[in-house]
Each structure stands twice: as C-alpha cells, then as structure tokens.
Amino acid sequence: MKKLINEVDDVVRETLEGVAACHPYRVRKLDGHHILVRADGPVAGKVALLSGGGAGHEPAFWGGIGPGLIDGAVQGEVFTSPTPDEILAGLRTVDGGAGVIQLYNNYTGDVMNFDLAQEEAAADGLRVDTLLVNDDVSVEDGPTSVGRRGIAGNFLVQKVAGAAAAEGRDFDEVLSVGRKAISELRSMGMALAPCTVPAAGEPTFTLGEEEMEIGMGLHGEPGVSRRPLEPADAVATELTTRAADDLGVTAGDRVVVLVNGLGATPPMELYIIARKVLELLGDRGVAVHRSYVMEAATSMEMAGCSVSLLRVDDDLVHLVDAPADAIAFTQV
C-alpha cells in the first residue's frame with residue numbers, strides 16, 4: 001500500500017486539520033471532534049444544514065461548507081459512519097436558532113447514527129429533521145443499505161436546500177424543497193479499479209485489467225454486472241439510460257447533469273463521458289439546464305465515475321442557479 005499518510009489512526013484528524021489550516025476564512029474545526037463548520041457560523045435565524053458520513057469520499061462532505069450550501073460536516077473514520085455523539089456535537093454547533101436539517105446518504109450505519117443524534121437533539125429542544133439521499137438506481141437493497149444507496153447526487157441536494165436556506169426560507173420550506181430534489185434525482189456509477197482503505201491495507205475488491213463493474217457503490221459494494229471493459233460512449237449510454245428511464249424523463253423536461261469522478265479518473269475521461277451524456281439527453285428532447293463535471297464524492301483512488309440527473313422546475317432552476325461559495329465549489 002502506497003499512501004501519503006502518517007499513522008493510519010490519524011488520517012481523518014490530520015485531513016480535517018489540513019483543510020481548516022488552509023481555509024481559515026471558510027471553515028473551523030471543532031476541538032476534539034472530526035467536524036468542520038462555517039468560520040462565520042452559526043448564522044443567526046437561518047436554517048442550518050449538517051451533512052456527513054464516512055471519510056474517504058473527499059471533498060464530500062466538508063467541500064460544500066459555505067454560503068449557499070451547507071453549514072457543517074461531520075466525518076467518521078474511512079467508510080464508517082460518524083458516531084451519534086459526533087453528529088450531536090455538529091447539530092448543536094451549527095444551529096442558528098431556526099433548526100437544523102441533516103443531509104446524508106442512505107447507508108445503514110449512517111441512518112442509525114444520525115437518527116440517534118436527531119432523537120437526542122430533539123430531547124434537548126433542538127428542531128431537527130432529515131434529508132436522506134437515495135439516488136443510486138443500480139440496486140434496491142444491498143449489504144450496506146435498506147433501499148437505494150446514496151451517491152454523488154447528494155451534492156445537488158446540498159445545492160438546492162442550501163440555496164433555499166440562504167435566501168431565508170423557513171424550516172418546512174427548506175425541508176420540502178430538499179425532498180422534492182431527492183424525488184427528482186437519479187444516479188448510477190461504475191468502476192474501473194478499486195481503492196485501498198488505509199486501515200485494511202489492501203484493495204476493497206479486485207477487477208481484471210480488462211474488466212469494469214457497472215453499478216458499483218461508493219464503498220466498493222457490488223454493482224449490477226461485471227464485464228469486459230467497453231468504450232466510454234457505451235458506458236455513458238448505460239449510466240444515462242438507466243438513470244433517465246428510472247426518473248421517467250421525457251421530451252420537454254429540463255435536467256441538471258452531474259458527472260462525478262471517483263478519485264482516479266482524469267478530467268479528460270470525465271468530459272468524454274459528459275459529452276455523450278449531453279448528446280443522449282438531447283436525442284431524447286431533454287433540455288440540460290446546467291452540467292457539472294467534478295469530483296463531488298470520491299472513493300479515495302477508485303477509478304470510475306457516476307452520472308446524476310436532477311429534473312428541475314422553475315423553482316429548482318432558481319435554486320440551482322443561486323450563488324454558492326464553498327471549499328470545493330464556487331458559483332457566482
């Protein structure tokens with residue numbers, strides 16, 4: 001295993017210390033916690049958004065901390081949910097008096113721990129509710145989730161809900177628009193090569209030099225098929241078609257597209273995929289309002305990508321277009 005780390009047990013803490021040290025005008029780290037929050041927070045009177053999950057998906061989740069996106073992020077160890085106590089500390093810290101909405105992906109450990117933290121926060125009188133992202137169309141149930149997994153589409157939910165909160169919408173309105181975004185969001189991913197979790201010291205799975213896996217999860221969970229490597233256009237066609245068919249997009253619909261890199265796929269290849277995605281949607285008569293090609297949720301050095309489609313109406317268009325200023329994403 002070759003990684004630029006010090007001690008395995010210090011990876012998450014040292015990552016967050018590095019982020020906070022490099023971006024002090026954006027974020028601060030809570031002492032004794034794996035939590036980053038807005039440097040200017042909490043913002044009084046604004047509905048706060050707290051995201052989080054296991055480390056190893058950088059820049060998720062802290063990459064979205066900032067105006068127009070989220071107020072804080074809590075990290076677990078690599079590919080491991082943060083503990084309820086950590087989440088509770090995050091909830092208390094970001095609350096500006098208007099309540100906090102938790103925004104995380106559908107994995108069994110995350111659901112259990114965020115639910116426990118929400119119950120404890122409610123017992124303390126803090127208003128908390130949840131946006132549970134389940135955008136992955138590849139599998140309905142698996143070893144790490146009940147129902148569909150959440151993957152890179154989480155970023156688009158952050159964008160919509162964060163914009164709604166930033167413009168002063170109340171708790172129920174932010175929650176409602178976030179849930180609408182989740183209902184109109186579908187994603188599907190694939191992998192070309194695995195990653196290595198530092199604590200394990202070996203790849204999370206194996207793929208032959210001429211193999212790929214369609215539907216692979218963010219932690220290396222099995223996909224829908226393992227087969228010989230295909231050209232980029234064929235891969236883009238399958239990912240886009242599966243997501244679009246499940247969402248039921250038809251001629252005249254508008255969508256936002258996210259092509260997400262998993263950590264080791266260069267921009268050259270992501271844009272080749274994006275080119276075909278936009279072509280396929282155009283052939284369906286679907287208008288692409290915006291397209292993002294970026295690393296929103298990685299799996300350390302896994303090679304591969306995912307395609308996310310968010311169907312938008314006028315209100316979602318307004319929120320997607322709103323400005324945002326975070327560590328990993330800026331839009332003016």
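Before I start, a word I need: a crossing of two helices is right-handed if the near helix is turned clockwise from the far one by less than a right angle, and left-handed if it is turned anticlockwise. I also keep in mind that this is a predicted model.

**Entry 1: helices α6 and α7**

I began with helix α6 (residues 232–247) and α7, whose axes come within 9 Å and cross at roughly 50 degrees. That angle makes α6 oblique to α7. Using the word from above, I note that the crossing of α6 and α7 is right-handed. I then listed who touches whom: α6 brings Ala 232, Asp 233, Val 235, Ala 236, Thr 237 and Thr 240, while α7 brings Ile 272, Ile 273, Arg 275, Lys 276, Val 277, Leu 280 and Leu 281. Sorted by class, this contact of α6 with α7 holds eight nonpolar, two polar and three charged residues.

**Entry 2: the strands around α7**

Next I followed the chain on both sides of helix α7 (residues 267–283): together with β10 and β11, this helix makes a right-handed β-α-β unit. I found that strand β10 (residues 254–261) pairs with strand β11 (residues 287–294) in the parallel sense, over seven bridges. Which residue of β11 is the bridge partner of Asn 260? I looked, and Met 294 is the partner.

**Entry 3: helices α4 and α5**

From α4, the contact uses Val 157, Val 160, Ala 161, Ala 164 and Ala 165; from α5, Val 174, Val 177, Gly 178, Ala 181 and Ile 182. I noted nine nonpolar residues in this contact of α4 with α5, one polar and no charged ones.

**Entry 4: an open sheet**

Last, I traced six strands that form an open sheet with mixed pairing, in the order β1-β2-β4-β3-β5-β6. At the edges sit β1 (27–29) and β6 (128–133), each pairing on one side only. From one strand to the next, the twist averages 20 degrees. Helix α1 (residues 11–22) packs on this sheet and touches β1, β2 (35–38), β3 and β4. The direction of α1 makes about 145 degrees with that of β1. Within the sheet, strand β3 (residues 48–55) and strand β4 (residues 72–78) pair in the parallel sense over six bridges. I also spotted Gly 54 standing opposite Gly 76 in β4.

How values were computed: Residues are numbered from 1 along each chain as its sequence is written. This is a predicted model: local features need pLDDT of at least 70, side-chain atom pairs count only at pLDDT 80 or more; totals for chains, interfaces and linings use all residues. Side-chain values use heavy atoms; hydrogens and water are left out. Two strands pair if DSSP finds at least two bridges between them. Helices (H or I, at least four residues) and strands (E, at least two) are DSSP runs, numbered from the N terminus. A crossover is right-handed if, with the strands pointing away from the viewer, the path from the first strand over the helix to the second runs clockwise. Axes are lines fitted to C-alpha atoms, for helices over the stretch in contact, and angles run from 0 to 180 degrees between N-to-C directions. Angles under 35 degrees count as roughly parallel, over 145 as roughly antiparallel, 65 to 115 as roughly perpendicular and the rest as oblique. Contact means heavy atoms within 4.5 Å. Ala, Val, Leu, Ile, Met, Phe, Trp, Tyr, Cys and Pro count as nonpolar, Asp, Glu, Lys and Arg as charged, and the others, Gly among them, as polar.
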